[in-house]
Amino acid sequence: MLKSIAVMTSGGDSPGMNAAVRAVTRTALHQGVKVWGIRGGYHGMLDEEMFEMQSKDVSDIIQRGGTFLGTARCRRFATPEGRMLGYKNLVDRGIQGLVVVGGDGSLRGASILSQETGIPIVGLPGTIDNDVWGSEYTIGCDTAANTIIDAINKLRDTASAHRRTIVLEVMGRNSGWLAMVSGISGGAEYILVPEEEYDLDEMCEEMKAAYDAGKRYCLVVVAEGAGKGHEIGKIIAEKTGLDTRVSKLGHIQRGGSPSVIDRVNASRLGEHAALAIISGLSDIVFGFNRGHVVSINLHDAVNNKKQLNPEFMRLARVLA
Ligand code: F6P
């Protein structure tokens, strides 16, 4: 049994990270284990920005987006010297195990740290992109998808009023999950994702024919990894002559109060992570499979690429 652990958030923030940290903290305290909070991701580990947390330190945060611990992407941690310094700072405080909440890159860093130093590490998938291999869910993806849907609903109002084509660019540098689920649930005619090739010429011809047949407006959702919204919008306008407007949701989709799903899932994952690390388990990530919490090998999680469910792509085409 470990007696002292630390928890941190890393990489892009996501709604529900706070619920995860709260659950890790309170579960550990419930087990009589000390919990340290690390501020600002791996930066805080290197710069000794760590504090011992009590239950009250995580009160009044479950409803907040972002991460109260702060987060960052840390170049220094990518070097062996950086990681050794981080490890030393943990050991100096008597910290025996670490819970890292973050996306692909953050979990990769955690995996290397544990391999190099042997310190037990448990990961939780925290990213709006929902692209961590082995889990059907990542903390924050539900809130982000709902934020996008809210924007789509509004865009549809104005698109229909003006008989316009709207191109909406959403996040997803390497993953089309957000674009796909928000596009399907927002009734988009076209959903462009990095996982699938698309033919803009064909799309424009179809679109023009649909307008000629009386279509009032059209919605195209594009994941940032599949192309730039304004470039796609320009091509559509040129090729079809249709009145076209482009919106980019940007970081709005990363903030906001977490949904019920993100709060509950993050709380469940946080409890599992705390109990696992306290019992000395290491090199695992907790995620969801068919609605159940499952453990995934950390090495596998960071060395495999999650595929976009082909059923989504099929459904999107059928319903367009
Ligand atoms: O959180 C993941 C992500 O949303 C990516 O889809 C996106 O490309 C990236 O973050 C942008 O984040 P930042 O502006 O923090 O670099």
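User: Buried means under 20% relative accessible area, exposed over 50%, and partly exposed in between, with a 1.4 Å probe and protein chains only as cover. On that scale, is Cys 74 buried or exposed?

Analyst: This is a predicted model, in which local features need pLDDT of at least 70, side-chain atom pairs count only at pLDDT 80 or more, and totals for chains, interfaces and linings use all residues. Residues are numbered from 1 along each chain as its sequence is written, and side-chain values use heavy atoms, without hydrogens and water. Because Cys 74 has a relative accessible area of 14%, the class it falls in is buried.

User: Which cysteine sulfur is nearest to that of Cys 204, and how far away is it?

Analyst: A disulfide is a pair of cysteine sulfur atoms within 2.5 Å, and a search of the whole structure finds 0 of them. Cys 204 is accordingly in no disulfide, and its relative accessibility of 3% makes it buried. The nearest cysteine sulfur belongs to Cys 218, at a distance of 9.6 Å.

User: How far apart in space are Leu 46 and Ile 284?

Analyst: Leu 46 belongs to helix H2, residues 42-46, and is buried because its relative accessible area is 5%. In sequence, 238 residues separate Leu 46 from Ile 284, while in space their C-alpha to C-alpha distance is 23 Å.

Terms used. Helices (H or I, at least four residues) and strands (E, at least two) are DSSP runs, numbered from the N terminus.
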